[in-house]
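Hi,

Here is the structure I promised to pass on. Have a look at it first, and my notes on what turned up follow below.

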Amino acid sequence: MKHEKMESLVELHVCNYSRDNAESCSDKGAKELTDNLKKWVKENHKGEMKVFRSGCLGKCENGIAMACYPEKKYILNARAEDAEEIKKGLKEALQKIKG
């Protein structure tokens, strides 16, 4: 086993889970939202932030669910239209860490 320190200061885990016969984040546009956020991070905050596609976070019932670290908070009921507000929140989280 090897341990390695992660470079990113802020991480966003976006549920991209897809269920058979039940609503899920994937059905609500999670892939498109994740792609948008990943592209933005790569172009503007590479090394400082990281966006991950995640499995189910257990919060799918009302919209796309995300978990933000190190803040340890959920972003729920997200939609593709919320991308700019999410980016703003990620920038604020990064500024808090950097001081």
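Asn77 is partly exposed, with a relative accessible area of 41%; buried here means under 20% relative accessible area, exposed over 50%, and partly exposed in between (1.4 Å probe, protein chains only).

Before the rest, a word on the ground rules. This is a predicted model, where local features need pLDDT of at least 70 and side-chain atom pairs count only at pLDDT 80 or more, while totals for chains, interfaces and linings use all residues. Residues are numbered from 1 along each chain as its sequence is written, and side-chain values use heavy atoms, with hydrogens and water left out. Helices (H or I, at least four residues) and strands (E, at least two) are DSSP runs, numbered from the N terminus.

Now the sheet. Four strands make up an open sheet with mixed pairing, in the order E2-E1-E3-E4; two strands pair if DSSP finds at least two bridges between them. Strand E2 (49-54) and strand E4 (73-78) are at the edges with a single partner strand each, so one side of each has no neighbour in the sheet. From one strand to the next, the twist averages 20 degrees. (Axes are lines fitted to C-alpha atoms, for helices over the stretch in contact, and angles run from 0 to 180 degrees between N-to-C directions.)

Strand E1 (residues 10-15) pairs with E2 in the parallel sense, over six bridges. Leu12 is opposite Val51 in E2, and His13 is opposite Phe52. What about burial in E1? Six of its six residues are buried, so E1 is largely enclosed by the rest of the structure. Val10, Leu12 and Val14 cover one side, and Glu11, His13 and Cys15 the other.

E3 and E4 pair in the antiparallel sense over four bridges, with Ala67 opposite Tyr74 in E4. The loop between them is worth a look. Pro70 is found there, and a cis peptide bond joins Tyr69 and Pro70, with omega about 15 degrees. Lys72 is in that loop too. The hairpin has three residues between the strands, and Lys72 takes a positive phi near 55 degrees. At 70% relative accessibility, Lys72 counts as exposed.

Then the helices. Helix H1 (residues 30-44) lies across E1, E2, strand E3 (64-69) and E4, at about 160 degrees to E2. Helix H2 (residues 83-98) also lies across E1, E2, E3 and E4, at about 150 degrees to E1.

How do H1 and H2 meet? Their axes come within 11 Å and cross at roughly 45 degrees, so the two helices are oblique to each other; angles under 35 degrees count as roughly parallel, over 145 as roughly antiparallel, 65 to 115 as roughly perpendicular and the rest as oblique. The contact (heavy atoms within 4.5 Å) is made by Leu33, Asn36, Leu37 and Trp40 of H1 and by Ala83, Ile86, Lys87, Leu90 and Lys91 of H2.
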